[in-house]
Amino acid sequence: MIRRALLAASHSGGARRIVETAPFTRDVARRFIAGETAADAARVTGRLTGEGLLVTLDVLGEDVHDKGRAETNTVKYIELLDRLGEEGLGARAEASVKLTAVGQALDEDLALDNARRICDAAASAGTTVTLDMEEHETVDSTLRTVHELRRDHPTVGAVVQAYLRRAEEYCADLAYEGSRVRLCKGAYAAPEAIAFTEKDDVDKSFVRCMKVLMAGKGYPMLATHDPRLIDIAEALTLLHSRDADTFEYQMLYGVRPQEQRRLAASGAQVRVYVAYGHDWYEYFMRRLAEKPANLRLVVRSLVGA
Ligand code: FDA
């Protein structure tokens, strides 16, 4: 119930104003975001990659409904990727892009054109892009866009949300040679008819999807902090004799950092999802919804304890 309320609040202008203007919530949000500027993102990327981790960078700002903001977000990504190229970080850092940040809600073709410009910039910087998966209404459009982009940029990553009832089918379609697929549980609210809503069912679906991806020919990117699922992933690695460079774990910046380092030290590839920018509200609310205990941090910051 708390999860649903927090996800509903992530779309509420009133809640946004309270959270954004409260004196210390920005400090709490900083636990999950690298900062507000591309320089902050590059600094954190340099630190993480120096510690043997990989990075994927998200320029915050989603669900835009005007062309100007879609263009601004596209340019921010291109500038970021140029910077990664100049600083020689392209081999260890890619970009994660939300299509709603670059115009999907206005026009699928506009989002495709903007995403293509970002993919071109990524290729010039020696890296690639993964298209994040958002609300369930956008899934078909996002998968169409992944397939279009892969014509010129075959390494573009797709995301499957295990909470979707069709998740296993999406994984089977995407588990082909060279196909990079991030598997995550799913961070949005979705109706019962479309998505599993009980944690147990989502976890079981994650395991079924992982089995399909790990048995397939693609490159699985297992995005979870859940220790039970990580244990199962390790067992599947052995079962399918997968070398460490044929898949990766992914985790969010600010969540289980010791586990990120433990896995990397064991020889696994671990990519950290690093978000940055001014527009942190929706991203932050999803992080609260994932672990309502995080709310305690907010309440403490509000009462100044
Ligand atoms: P679960 O939520 O069960 O958490 C397991 C444990 O991890 C918790 O008990 C806690 O210890 C820790 N934990 C998890 N989240 C935490 C948090 N916010 N704060 C503190 N501790 C936390 N979703 C989506 O819909 N589309 C997408 O494109 C992506 N992309 C993506 C990329 C990457 C790299 C990651 C790691 C995640 C995503 N997600 C996502 C989010 C994902 O769907 C999911 O909401 C979160 O990863 C939380 O799920 P877990 O698998 O970690 O399990």
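## Composition of the ligand shell

By class, the shell around the ligand holds ten nonpolar, six polar and seven charged residues; Ala, Val, Leu, Ile, Met, Phe, Trp, Tyr, Cys and Pro count as nonpolar, Asp, Glu, Lys and Arg as charged, and the others, Gly among them, as polar. The model is a predicted one, in which local features need pLDDT of at least 70 and side-chain atom pairs count only at pLDDT 80 or more, while totals for chains, interfaces and linings use all residues. Residue numbers start from 1 along each chain as its sequence is written.

## Origin of the shell residues

The ligand is surrounded by 23 residues, the closest being Asp 132, Cys 184, Thr 224, His 225 and Gln 250 (near means a C-beta atom, placed from the backbone, within 6 Å). Strand E4 (158-161), strand E7 (248-252) and helix H12 (281-290) are the elements that give two or more residues to this shell, and E7 contributes the largest share, three residues. Helices (H or I, at least four residues) and strands (E, at least two) are DSSP runs, numbered from the N terminus.

Because domain 1 (1-32 + 280-305) and domain 2 (51-278) both give residues to the shell, the ligand lies between them. The domain bounds come from an automatic or database domain assignment.

## Packing of H9 and H10

Helix H9 (residues 199-215) packs against helix H10 (residues 227-239) at an angle of about 20°, with the axes 11 Å apart. H9 is therefore roughly parallel to H10 (angles under 35 degrees, on a scale from 0 to 180 degrees between N-to-C directions, with axes fitted to C-alpha atoms over the stretch in contact).

Terms used: Angles under 35 degrees count as roughly parallel, over 145 as roughly antiparallel, 65 to 115 as roughly perpendicular and the rest as oblique.
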